[in-house]
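Please open the model in a viewer and keep the selection panel at hand.

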Amino acid sequence: MVAMATLLKLLLLLVLSTFAALSVSSQQFQTQVELPIVVSTWAFVDAVRAAAQHVIKDGGSAVDAIVRGCSTCELLQCDGSVGYGGSPDEGGETTLDAMIMDGTTMNVGAVGALRSVKGAIDAARLVMDHTEHTLLVGSQASTFAVSLGLPGPANLSTDDSLQAWSSWKNGGCQPNFWREVVPDSTSACGPYQVSSLLSGRNDDGVVGDGVSKKLKSSSDKNIGYGNHDTISMAVIDNKGRIAAGTSTNGASHKIPGRVGDGAIAGASAYADDDVGACGATGDGDVMMRFLPCYQAVESMRQGMTPAEAAKDAIDRIRRKFPTFIGAVFAIDKYGIHAGACHGWVFQYTVQDANMADAVVFTVKPDIF
Ligand SMILES: *[C@@H]1O[C@H](CO)[C@@H](O)[C@H](O)[C@H]1NC(C)=O
């Protein structure tokens, strides 16, 4: 009887594992993915075409395709949220965050709050290829990039970005990213003072009397429809090499010096040849605390599908920050891709070797 039970167990295991194997492969066949493949946040079709041209038609590398794709968005100022002339900070200046990751070597290069240089993804690539560092920031990052040949110093402001900045200033600097501070009484802008030093605060951290102005809550910030904030891209090339990268001009009206998720490996993007890749977009200040792309890739490594991994990465943030706005896409090393989002409808764009042109996928949030 014991032998019989063991035999049955073995049989059952065999049947179950066969089904498991079948379901994975049928999913792959259903989607008919053929490598190489390019995936990008949002409907950044021109960026995806540029990357696809390089990695599919010309047989180039995944890393080079990331640079082509993100550079295309920097030049086109995609949605005003990538490249020069967008998202002026409190001083009216546009600064850029970018990151590139080689999933073969796990090498990363990034720049944060890059000033006066338009080619943020190029600068990130220079950090990756020509230094032992991972992240350079601010004016020193600009000096570094220009010293290795990037054009600069350049003026990253445009008439549009200066116009957006002055209307924000004239509107009393709302919305903004400050908390529990008191603005200057005449301008309603900075310089700000820490309000608890003026009035004390109660146990809940609620500001007491003496606050002259109620600042808007985090859900009223500047990220939303029509202000998509990042290109994050993943590429698998014809050698199975996987790369990921990001380029953004960050959040409008950010406090000068702010570096967002765009410069952080594992936050805005992540890649590992052994598993796959991920790209993220949204409220970077919150999302970067959760490393959602590191999480999504690690979840796929543990056996989740890209759809499960993307949803799980978003759910982890939503549980702690129910009003955050964001999205991720995840792609496994076979090219199976999926997206998940919260607080907005997300789109991501794909072109693989079977597709004549880039295709935009739309993802709806589970809970709005
Ligand atoms: C940068 O360009 C803008 C828009 O053309 C212009 O208004 C501004 O004066 C320029 N800034 C500098 C420092 O040259």
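What percentage of the 368 residues of the protein chain count as buried? The value is 51%, where buried means under 20% relative accessible area, exposed over 50% and partly exposed in between (1.4 Å probe, protein chains only). This is a predicted model, in which local features need pLDDT of at least 70 and side-chain atom pairs count only at pLDDT 80 or more, while totals for chains, interfaces and linings use all residues. Residues are numbered from 1 along each chain as its sequence is written, and side-chain values use heavy atoms, with hydrogens and water left out.

Colour the chain by secondary structure: there are 10 helices and 14 strands, taken as DSSP runs numbered from the N terminus (helices H or I, at least four residues; strands E, at least two). Of the contacts (heavy atoms within 4.5 Å) between residues at least 6 apart in sequence, 65% join residues at least 24 apart.

**Helix 5**

Select residues 138-147, which form helix 5. Gly138, Ala141, Ser142, Phe144 and Ala145 are buried there. These residues lie on the same side of helix 5, because they span an arc of only 160° around the axis, judged by the directions from the helix axis to the C-beta atoms. Gln140, Thr143 and Ser147 are exposed on the other side of helix 5. Just after helix 5, Gly149 has a positive phi of about 110°.

**Helices 3 and 4**

Next, select helix 3 (residues 62-76) and helix 4 (residues 120-130), whose axes come within 8 Å and cross at roughly 150°. Axes are lines fitted to C-alpha atoms, for helices over the stretch in contact, and angles run from 0 to 180 degrees between N-to-C directions. Helix 3 is therefore roughly antiparallel to helix 4, a term for angles over 145 degrees. Display Val63, Asp64, Val67, Cys70, Ser71 and Glu74 of helix 3 with Ala120, Ile121, Asp122, Arg125 and Met128 of helix 4, which make the contact.

**Helices 9 and 10**

Finally, select helix 9 (residues 292-301) and helix 10 (residues 306-320): their axes come within 8 Å and cross at roughly 140°. Among the residues that meet are Pro292 and Met300 in helix 9, and Pro306 and Ile317 in helix 10.

Terms used. Parallel < 35°, antiparallel > 145°, perpendicular 65-115°, else oblique.
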